[in-house]
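User: I am new to this structure and would like a close look at a single part. Could you walk me through one group of charged side chains and how they pair up?

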Amino acid sequence: GRPLYLWLYTGLTTGHKPQVPMFPAPMADHYGPLMRKYSKSGVKGIFFNGIPQETDAYFLFKLTDDPFQDTEKLMDDYFTRMYGPKAGPTLKEFYKFAESIYANPRNYPQGAKGPELYYGTLGTGPRMRKLSQLVKQAEEQLADAPEIWKKRFAVFKLGTWEYMRQGRESYEKSKVAKASSSIAVACPVDMLKPDISASGEIDWRDAQSFGGFNGWLKDSGDIS
């Protein structure tokens, strides 16, 4: 048959919308199964419409070259060689935790987008605090490390973590501004003259929705 090639899009990265701080899109654990699937299906090559950040770009290209290698060992090798035997595992934990957030469908409530999605449902307060602790731990582990590992960490901290931190900070400020302004919400039923049945229950058939309200979001990002 005819040779098969793919045109693929990777997750959005900081370079796509620098004016809107985004939550990163780590996907290493998902690249492996996808690349193996494509290889078994006879795909000869892939054109990537956009390249992810350096960490995911490395995993993606390595798995494209050999789809059947162990992704976990690939990550161990990358983080240890990149940041050393102490900070490497810590930053791998950072990566894996961020991926568990980004790749979880439950973290994408209907209608959520932009900053509300990035730092209202993905990069929530508790999650960002855990990620911050891992960054601090890695920094401490690099105190006496070779200069090259420190420089690599500085690039990660500036290009990924500080970007995320500023995104969360901006989101929190916007929520405070919105909370300080008055809002009006129409009650979904006329409570002054409710149609109460003989059983004492309100007839909700004339009730109206609250517009674009998508449900209460807990600070953890879960939908109540």
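Analyst: Happy to! Let's start with Lys92, which forms a salt bridge with Glu72, their closest N and O atoms being 2.7 Å apart. A salt bridge here is a side-chain nitrogen of Lys or Arg within 4 Å of a carboxyl oxygen of Asp or Glu. Side chains of opposite charge can pair when their charged atoms come close.

A word on the background: this is a predicted model, where local features need pLDDT of at least 70 and side-chain atom pairs count only at pLDDT 80 or more, while totals for chains, interfaces and linings use all residues. Residues are numbered from 1 along each chain as its sequence is written, and side-chain values use heavy atoms, with hydrogens and water left out.

Lys92 also pairs with Asp76, and in that salt bridge the closest N and O atoms are 2.5 Å apart. Lys92 is buried, at 12% relative accessible area (buried means under 20%, exposed over 50%, and partly exposed in between, with a 1.4 Å probe and protein chains only). Glu72 is partly exposed at 32%, and Asp76 is partly exposed at 35%.

For another example, look at Glu169 and Arg165, whose side chains meet in a salt bridge of 3.2 Å, N to O. Glu169 has a relative accessible area of 36% and counts as partly exposed, as does Arg165 with 32%. Returning to Lys92, salt bridges that share partners join it with Asp29, Glu72, Asp76 and Lys96 into one network. By this rule, the count for the model comes to 11 salt bridges.
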